[in-house]
Amino acid sequence: MAPTQTHTSNGDRLLELVGHDLTVPLVGGEWVRYANLDNAASAPALKPVADAVDELLPYYGSVHRGAGFASVVSTEAYTRAREVVRGFVGAREDDLVLFTRNTTDAFNLLAGALPAGTTVLTFTGEHHANLLPWRSGDVRHIGIPSSAAEALDALEVALRDLGGKRALVSVTGASNVTGEVWPIAEICRLAHAHGARVALDAAQLAAHRPLDIAGWDVDYVAFSGHKVYAPYGAGVLAGRADWLDAGRPHLAGGGAVRSVTADDVEWTTGPARHEGGTPAALGAFAIAAAVNTLQQTGWEAIVAHELELLEQLLTGLDAIDGVRTYELWERGTCDRVGVVSFNVADLDPALLAAALGAEHGIGVRDGAFCAHPLMDHFAARDRGPRHAVRASIGVGTSAEDIDRLLGAVERIAREGAEWNYVERNGYVLPDPDPRPRPSLGGLLNGPVDTGGSACRE
């Protein structure tokens, strides 16, 4: 299915998303079009993705073992999805492509498959998904570099100190806090020169730049469907087969075996080894539909659209008194995807984010973005708060969305929030909150406990 596309010279939306015309209530009683600038957390579904999933749903059936026609179609869709994703990541012929729940699940799978005695090297400012899975073994943090060159120098020192010991370098492709793109090919060359492998966290990269496992010579890459406009509960781990085929199965269960007796089991190899149980076939198919749409649209158009809006956003924020944006490295020294974290002097970022949503219909994220060590670094370096507000651009973002955000931030910075807000269960919420909720088949009828403070992290 061909994507719905518009010209981008004036910052119009590049692709149509489900909910592109969503209107939401404000605390003052008005209704406005929702401006979604929280794509870095969970992006909406592309319209072609939702259409493809809707087309598959009537045929949904058991994968791999069903003899009925619906199962045949579901199996073919799941199998085809793997091949589409293989092409999207630029995999080598002998690489495995595994479907997981998300990037976190993918790295936990890889951590469980590491050969005994492997040392993991990672930078301290990584997302928690690339910090925590390795901690059951030998993991060494390299620190937080002040430039791409310093990152390479620090990595070389760390690799040299290992003296040729088996190692995995696990690094982000693009920061989920600053959007800065890391020198992937250079990291791979350096790691391989010391006999180490490289795992790439592409969660923030896959929707914004082309992936190229073979071209970079990266060993493993992981990303999430909900970041690439396929929010149907699936992710991807792709890379070299040897460690994955030898590692313990990620989920012990049906589908991951060749044979089972009362006392023994013979595990299979290939993707099935780590995809025990009934797979999220719709989620995998949705990822394939999403990445196929991105490739049909063309990376040149996607990058141009994003950089135009990123420049508009950065220039606008720079012009507002009291606003400070976050960069790990000097601005302009590296490529950058459309992710910008910022704060307004003397204004709680949680309050700013809440007011943007409740009073202006603008969706952003606030908190430490599951990158606590990096935000602690920024707080110490800049003598500012540990939390910030993050605005993130996607293929459905328009120049009007950026203008609305800039106007709202400037107004709140100058005049403060207009509504009363309270902190409850870790959230900053309008008090009272008169905005009506959709019933969602009755599931949202009545009060909802949104849980603890992890939402801001």
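These are short notes on a predicted model, taken feature by feature.

1. Start with strands E11 and E12. E11 covers residues 257-260, and E12 covers residues 265-267. The two strands run antiparallel, and three bridges join them. Look for valine 260: opposite it, in E12, stands valine 265. A hairpin of four residues carries the chain from E11 to E12.

2. **No disulfides.** How many disulfides does the structure hold? The count is zero. A disulfide is a covalent bond between the sulfur atoms of two cysteines. Take cysteine 188: the closest cysteine sulfur belongs to cysteine 334, and it is 17 Å away, which is too far for a bond. Cysteine 334 is likewise in no disulfide, with the sulfur of cysteine 188 as its nearest.

3. **Where those cysteines sit.** Is cysteine 188 buried or exposed? It is buried, because its relative accessibility is 1%. Cysteine 334 has a relative accessible area of 23%, so it counts as partly exposed.

4. **Aromatic pairs.** The model has nine aromatic pairs. One of them is formed by tyrosine 59 and phenylalanine 69. Their ring centres are 6.3 Å apart, and the planes make an angle of 70°. That pair is edge-to-face, because an angle over 60 degrees puts it in that class.

5. **What this pair links.** Tyrosine 59 is in the loop between helix H1 (47-56) and helix H2 (69-89). Phenylalanine 69 is in helix H2. Tyrosine 59 is partly exposed, at 37% relative accessibility. Phenylalanine 69 is exposed, at 60% relative accessible area.

6. **Other ring features.** Phe88, Phe223 and Trp299 make up one aromatic cluster. Elsewhere, a charge meets a ring. The charged end of arginine 197 sits over the ring of tryptophan 243, and the distance to the ring centre is 4.3 Å.

7. Where is threonine 178? Find the loop between strand E7 (167-172) and helix H5 (184-193). Threonine 178 is in a loop, yet it counts as buried, because its relative accessibility is 1% and the limit is under 20%. Which residues does threonine 178 touch, leaving out those up to four places away in sequence? They are Tyr326, Glu327, Leu328, Arg336, Val339 and Phe378.

Definitions and conventions:
Residues are numbered from 1 along each chain as its sequence is written. This is a predicted model: local features need pLDDT of at least 70, side-chain atom pairs count only at pLDDT 80 or more; totals for chains, interfaces and linings use all residues. Side-chain values use heavy atoms; hydrogens and water are left out. Two strands pair if DSSP finds at least two bridges between them. A disulfide is a pair of cysteine sulfur atoms within 2.5 Å. Buried means under 20% relative accessible area, exposed over 50%, partly exposed in between (1.4 Å probe, protein chains only). Rings of Phe, Tyr and Trp (its six-membered ring) pair if their centres lie within 6.5 Å; planes under 30 degrees apart count as stacked, over 60 as edge-to-face and the rest as tilted. A charge sits over a ring if NZ of Lys or CZ of Arg is within 6 Å of the ring centre and within 35 degrees of the ring normal. Contact means heavy atoms within 4.5 Å.
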